[in-house]
Amino acid sequence: MSGNFLVTGGAGFIGSALVRGLLREGAGRVVVVDNLLSGHRRNLDEVSGSVEFHETDIRDYEALRAAMTGVETVFHEAAIPSVPRSIRETLPSHDVNINGTFNVLRAAKDAGVRRVVYAASSSAYGDTLVLPKVETMQTSPKSPYAAQKLMGEYYMSVWASCFGLETVSLRYFNVFGPRQDPSSPYSGVLSLFMKAILDRSCPTIFGDGEQSRDFTYVEDVVALNLKAAQAPASVSGRVFNGGNGGRITLNQAWTLLQEIEGVHIPANYGPPREGDVRDSQADTTQAVEYLGHAPQYSFEQGMRATLEWYRATR
Ligand code: UD1
């Protein structure tokens, strides 16, 4: 894959996987922009000699504009994620996820970038009457985070229609895998489960554990991003689901980890979490048809690979 690329949030969990994916595919130049708020330099250790690292906040227009010089494709992964965090700390998530995204688009247009591929979120759907969730469904965000990510999609398509910048939004569905940081209470649930099973401690499940997610292995998301970057210009301005089409409950996920480890550790159950969506599952038809999406990892394969990574890096 030739060309010059920039990844915002490139020292984060998904961003750093994308950076490694780009280098594997032979990218010419890979620029990383990250403020190291939740990203870590160690995530780029194996590739540090091959990337151009800018410790930059996406709210800093001038620095972003400079970093984008000569770049053709931007992957915008930087964000303050987490539904509950966006409810408890409204200002920082608004500022980074909305104003930061605006800056990324403004800088990309001014720098003559060809395409921006955006990390949108399945949370935009909220609770739908029907599963799986299709891109044509009415969105219904239940949290500031969901609303912010949806606003980002609107901005992407408007930058395509008003300014001729090519954009593609990928609605991620609960991405998991190596390097997802389990150290915060706002961490993704599977990273917390991995830590708990290796510590032989009880995880806390919010609600009855029967809520479900289309947990998607990070390498499938990386592959989809690379396809979105190379898809014909006719996809510009559009939104695609980036899940793998399955649906797993939290109880099933915790049971699987206990089976793999051969242990019996009942989970603690707490009250349901504010802003939570009950069920989430992607209809992948459009991503398959227009982007060539082809997820390679079953949930169990992804879980086993992730668990081995956490075990090896403890
Ligand atoms: C949401 C988005 C996802 C996005 C993520 C960013 C949906 C359907 N998905 O994920 O696309 O990438 O925000 O942060 O909206 N839980 C526990 N115990 C814990 C932690 C979480 O039971 O210790 C539960 C939560 O209450 C929730 C589920 O696990 O029901 C998943 O939570 P989490 O991993 O935080 O992701 P979502 O909020 O689903």
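Which backbone atom of S82 lies 2.9 Å from an oxygen atom of the ligand, and what kind of atom is it? It is a backbone N or O atom of S82. The model is predicted: local features need pLDDT of at least 70, side-chain atom pairs count only at pLDDT 80 or more, and totals for chains, interfaces and linings use all residues. Residues are numbered from 1 along each chain as its sequence is written, and side-chain values use heavy atoms, with hydrogens and water left out.

A backbone N or O atom of Y172 lies 3.2 Å from a ligand oxygen atom. For T204, a backbone N or O atom lies 2.7 Å from a nitrogen atom of the ligand. Taken alone, the ligand exposes 740 Å², and the protein buries 91% of that (Shrake-Rupley method, 1.4 Å probe).

The shell around the ligand holds 21 residues (a residue is near if one of its heavy atoms lies within 4 Å). The closest are V189, T204, F206, R213 and D276. Nine shell residues are nonpolar, nine polar and three charged. Here Ala, Val, Leu, Ile, Met, Phe, Trp, Tyr, Cys and Pro count as nonpolar, Asp, Glu, Lys and Arg as charged, and the others, Gly among them, as polar. Helix α6 (189-199) and strand β8 (204-206) each supply at least two shell residues. Strand β8 gives the most, with three. Helices (H or I, at least four residues) and strands (E, at least two) are DSSP runs, numbered from the N terminus.

The largest nonpolar core has 35 residues. Such a core is a set of buried Ala, Val, Leu, Ile, Met, Phe, Trp, Tyr and Cys residues joined through side-chain atoms within 4.5 Å. Its members V19, L22, F75, L170 and L291 touch the most other members. Helix α7 gives the most to this core, with seven residues. V19 touches V7, G10, V30, V32, L44, V47 and V51, not counting residues up to four places away in sequence (contact means heavy atoms within 4.5 Å). Apart from this core lies another, of 25 residues, among them I58, Y61, V96 and A111.

Q148 sits in helix α5 (residues 144-163). Q148 is buried, with a relative accessible area of 4% (buried means under 20%, exposed over 50%, partly exposed in between; 1.4 Å probe, protein chains only). The side chains of Q148 and N97 are joined by a polar contact of 2.8 Å. A polar contact is a pair of N or O atoms within 3.5 Å; within protein, one must be able to donate a hydrogen and the other to accept it, and residues adjacent in sequence count only if both atoms are side-chain atoms.
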